[in-house]
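Please keep the model in view while reading.

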Amino acid sequence: MTTSHSDKHYKATEKVSESIKQYYRESAEAASHGEPVILATGNFPVELLYAMNVVPWFPENYSALCSARQVAGRYCRIAEKNGYSKTLCSYFKCGLGSILESGGPFGGTLRPKMIVTTRFNCIPHIKWWEILARFYEVPLFVLDGPHVVAAKMEDYHYEYMVSQLEDLIELIEKTTGKPYIQDRFTETLELANEASRYWRWVLDSRKNIPSPITLSDLATDMFVSVVLLGTQKAVEIYRQLYEEVSEKVKMRQGATEEKIRLAWDNIVLWYNLGLFNYFEQHDAAVIYEPYISDTWGGVELNINEPLKSLASKCLNIWANFSLELRAKRYLQVVKEFHIDGVVFHSNRACKPFSMGQIQLAKYLQENGIPSVSFEADMADPAAYADGQVKLRLDAFLELLKMKKGLL
Ligand code: SF4
C-alpha cells in the first residue's frame, strides 16, 4: 500500500504543512496583485530573493507537492505525450505537464517576471529553465560555478560567483523594479541564520540514542529550509520544532521504537511518505539523509561577506559533491549518528543524486556497513513497485536485526 502521508510526531510539522498551503495561496494572491514572481531552482539562494522583495517560486518544490497530492503521474504522462522522453527528470515532466494543461494545485505555476537557475547541479536545471523562459518570454539568468565540488574550493571560484550575483541583483532591479536595499539584505540573512541554527540543532539531535526525530517529520519540515529561509515565519516554525525536539531529548524519548538506525540515500518518494511509517512499524528509524542534511542543512551565513557566503551555500551541496567527498561524509555520519545500514533509493528521475550509488555501496561494504538498494522515482509512482520494494526492505531489516543479535 502506498500513501503520501506519514504519521508525524511533532506539532511543528503540522504547522509546516499549514505553511505550505499558506505559501502557495499567498504567492498566488501576491502575483494576482502584480507583485513580481521569480521562478528559481531549489538550490538557488532564496534569501537573496526575499531580500529583493520579490515572490520566489520553486518549480521543483511544486512538482513534489503535485506528487504528494497524487497528480504528478498524470502530468508526467502529458509531458511525455508532448514529446519529452520518459527518462527525463520527473519534476521537470510534472511541472511542464501541469503548465501545458494549465492546471495543478493552487492554480498552477505562477507567471514569472524572470527566471533564475544554476549550471552546476544538473542538466535539467538548465534545459528545463530555458524551456520555461521561452514559454513565458522572460529573461533567464544562469548562475555558473564548478560542476563538482572537490576537497578544496579556491577563492577564484567564489569571486567568479560573487560577480555573477552582483550582476543578478542589477538584473532583478531592472526587470522587477524592486530596489536592492543593503539593510533589508542584512536583516534577511540574520533571519535565515536564526532559523538555520534551530534547524541544524534539530538535524544534529539525531545523534542521540534513541533519535528524537525521524525522516517521517523531516521530509515535511525541510520545506521551510528550501522555500521560507530569510522570513520571520521560518524562525517561528523552526524555533517551535527546536523546543519540541529538545523536550524529547531531555526525556530521552525516541520518535519511535528504535532498534535499527538507518540512513536514506536520495530524494524521498513524495507520493509514498508512508514508507517511513513502514520502517517505524519494523522498529527502524530513518535518521540521516544527505538529501536534506547536506543540501538544506542549515548553513550559517557570514553577514560580512554575504554574497560569498550564499555562493558557498549553494555550491556545497550533496548533488555537487565529488564521489570522494560523498564517501568520506558517509563514513563520518555512520560513526556520528550510529547508523546500522544505508537504504539506497536508486532514483530513475534524478541522476545527480543516483550516480555513484553502486560505488558508494561497495565502499560502505568494505568498511563493514551494509546497504540495500531499490529502484523507484521521487515523483512518479509509475516506477514504484510496493511489494518488490518491501520484500527487499524486509530482508535487509531482518539481516540488520540478526547482525545486532535482536533475532
Ligand atoms: S535531475 Fe535532480 S537535481 Fe535536477 S531538477 Fe531533477 S530532481 Fe532536481
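Predicted model: local features only at pLDDT ≥ 70, side-chain atom pairs only at ≥ 80, totals over all residues.

Helices, as the word is used here, are DSSP runs of H or I with at least four residues, numbered from the N terminus.

Helix α10 covers residues 232–250, and helix α8, which covers residues 182–204, packs against it at an angle of about 25°, with the two axes 8 Å apart. Angles under 35 degrees count as roughly parallel, and α8 and α10 are therefore roughly parallel to each other. The crossing in which α8 passes α10 is left-handed. On the α8 side the contact is formed by Leu 191, Glu 194, Ala 195, Tyr 198, Trp 199, Trp 201 and Val 202, while α10 contributes Gln 232, Ala 234, Val 235, Tyr 238, Arg 239, Leu 241, Tyr 242 and Val 245. Sorted by class, the residues of this contact between α8 and α10 comprise twelve nonpolar, one polar and two charged.

Val 245 can now be considered by itself. Because 25 C-beta neighbours lie inside 10 Å, Val 245 counts as buried. Apart from residues within four places in sequence, Val 245 is in contact with Val 202, Ser 205, Pro 212 and Ile 213. Pro 45, by contrast, is 200 residues away from Val 245 along the chain, and the C-alpha atoms of the two are separated by 27 Å.

Helix α1, residues 11–32, also packs against α10, here at an angle of about 160° and with the axes 8 Å apart. Since angles over 145 degrees count as roughly antiparallel, α1 and α10 are therefore roughly antiparallel to each other. Their crossing is left-handed. Lys 11, Ala 12, Lys 15, Val 16 and Ser 19 of α1 meet Lys 233, Ile 237, Gln 240, Leu 241 and Glu 244 of α10, and by class this contact of α1 with α10 holds four nonpolar, two polar and four charged residues.

Helix α1 has a further partner in helix α9, residues 215–228: the axes of α1 and α9 come within 9 Å and cross at roughly 45°, which makes α1 oblique to α9. The crossing of α1 and α9 is left-handed. From α1, the residues Thr 13, Val 16, Ser 17, Ser 19, Ile 20 and Tyr 23 meet Asp 217, Thr 220, Asp 221, Phe 223, Val 224, Val 227 and Leu 228 of α9, and the contact of α1 with α9 divides into seven nonpolar, four polar and two charged residues.

The largest nonpolar core has 132 residues, and those with the most contacts inside it are Ile 38, Val 116, Ala 195, Ala 234, Tyr 238, Leu 262 and Trp 270. The largest share of this core, nine residues, is supplied by α8. Ile 38, not counting residues up to four places away in sequence, touches Leu 49, Val 54, Pro 56, Trp 57, Pro 112, Lys 113, Met 114, Ile 115 and Val 116.

Thr 176 lies in helix α7, residues 155–176. Because Thr 176 has 19 C-beta neighbours inside 10 Å, it counts as partly exposed, whereas a residue is buried if 20 or more other C-beta atoms lie within that distance. Setting aside residues up to four places away in sequence, Thr 176 touches Pro 36, Val 54 and Lys 113. Leu 191 is 15 residues from Thr 176 along the chain, and their C-alpha atoms are separated by 24 Å.

Key. Residues numbered from 1 in each chain as written. Axes fitted to C-alpha atoms, helices over the stretch in contact; angles between N-to-C directions. Helix = DSSP H or I, 4+ residues; strand = E, 2+ residues; numbered from the N terminus. Parallel < 35°, antiparallel > 145°, perpendicular 65-115°, else oblique. Left-handed = near helix turned anticlockwise from the far one by under 90°. Contact = placed C-beta atoms within 7 Å. Nonpolar A, V, L, I, M, F, W, Y, C, P; charged D, E, K, R; others polar. Core = buried A, V, L, I, M, F, W, Y, C linked by C-beta atoms within 7 Å. Buried ≥ 20, exposed ≤ 12 C-beta atoms within 10 Å, placed from the backbone.
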